[in-house]
Amino acid sequence: MVILLKHSLKKMVRLRPYNIDNISDYLEEGDLLIDGGNSQFQDTERRVKQLESKSFGYIGMGVSGGSKGALEGPSMMPGGTKSSYVAI
């Protein structure tokens, strides 16, 4: 699922590996993409480099907690560059 907000600076999606090139068409320079899927940290590091080379920010944010997390709050584990953290 992709939610696009016109003129927004931040977009949150759950990406599949093959979606990054497709979603780049919808991003504007300086946009920040937050990926709420669960990936290996090496995938996050690769995507940070890939998207920031195109002037987009990227944060990979794994979400954990299952049914207990749904009731009491999930564990969110973001990874990305300092400039992306500052933006949010």
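**How the terms fit this predicted model**

Colleague: Why does the span of α2 agree with that of a helix of twelve residues?

Modeller: The expected span is 1.5 Å times one less than the number of residues. For the twelve residues of α2 that gives 16 Å, and the end C-alpha atoms are 16 Å apart, so the two agree.

Colleague: What puts the buried residues of α2 on the same side?

Modeller: T44, R47, V48 and L51 are buried in α2. They cover an arc of only 110° around the axis, which puts them on the same side of α2. The arc is taken from the directions from the helix axis to the C-beta atoms.

Colleague: What kind of model is this, and how are residues numbered?

Modeller: The model is predicted: local features need pLDDT of at least 70, side-chain atom pairs count only at pLDDT 80 or more, and totals for chains, interfaces and linings use all residues. Residues are numbered from 1 along each chain as its sequence is written, and side-chain values use heavy atoms, without hydrogens and water.

Colleague: What makes a residue buried?

Modeller: Buried means under 20% relative accessible area, exposed means over 50%, and partly exposed lies in between (1.4 Å probe, protein chains only). Six of the eight residues of β3 (residues 57-64) are buried, so this strand is mostly covered. In the protein chain, buried residues make up 34% of the 88 residues.

Colleague: What do the buried residues of α2 pack against?

Modeller: They pack against α1 (19-24), β2, β3 and β4. Contact means heavy atoms within 4.5 Å.

Colleague: How do you know that β2 and β3 pair?

Modeller: Two strands pair if DSSP finds at least two bridges between them. Four bridges join β2 (residues 32-35) to β3, so they pair, and they run parallel. L33 has Y58 as its bridge partner in β3, and L32 stands opposite G57.

Colleague: Which strand pairs with β3 in the antiparallel sense?

Modeller: That is β4 (residues 75-80), over six bridges. M61 has P78 in β4 as its bridge partner.

Colleague: Why is the unit of β2, α2 and β3 called right-handed?

Modeller: Point the strands away from the viewer: a crossover is right-handed if the path from the first strand over the helix to the second runs clockwise. β2, α2 (residues 41-52) and β3 make such a right-handed β-α-β unit.

Colleague: What counts as a helix or a strand, and how many are there?

Modeller: Both are DSSP runs, numbered from the N terminus: helices are H or I with at least four residues, strands E with at least two. The protein chain has four helices and four strands.
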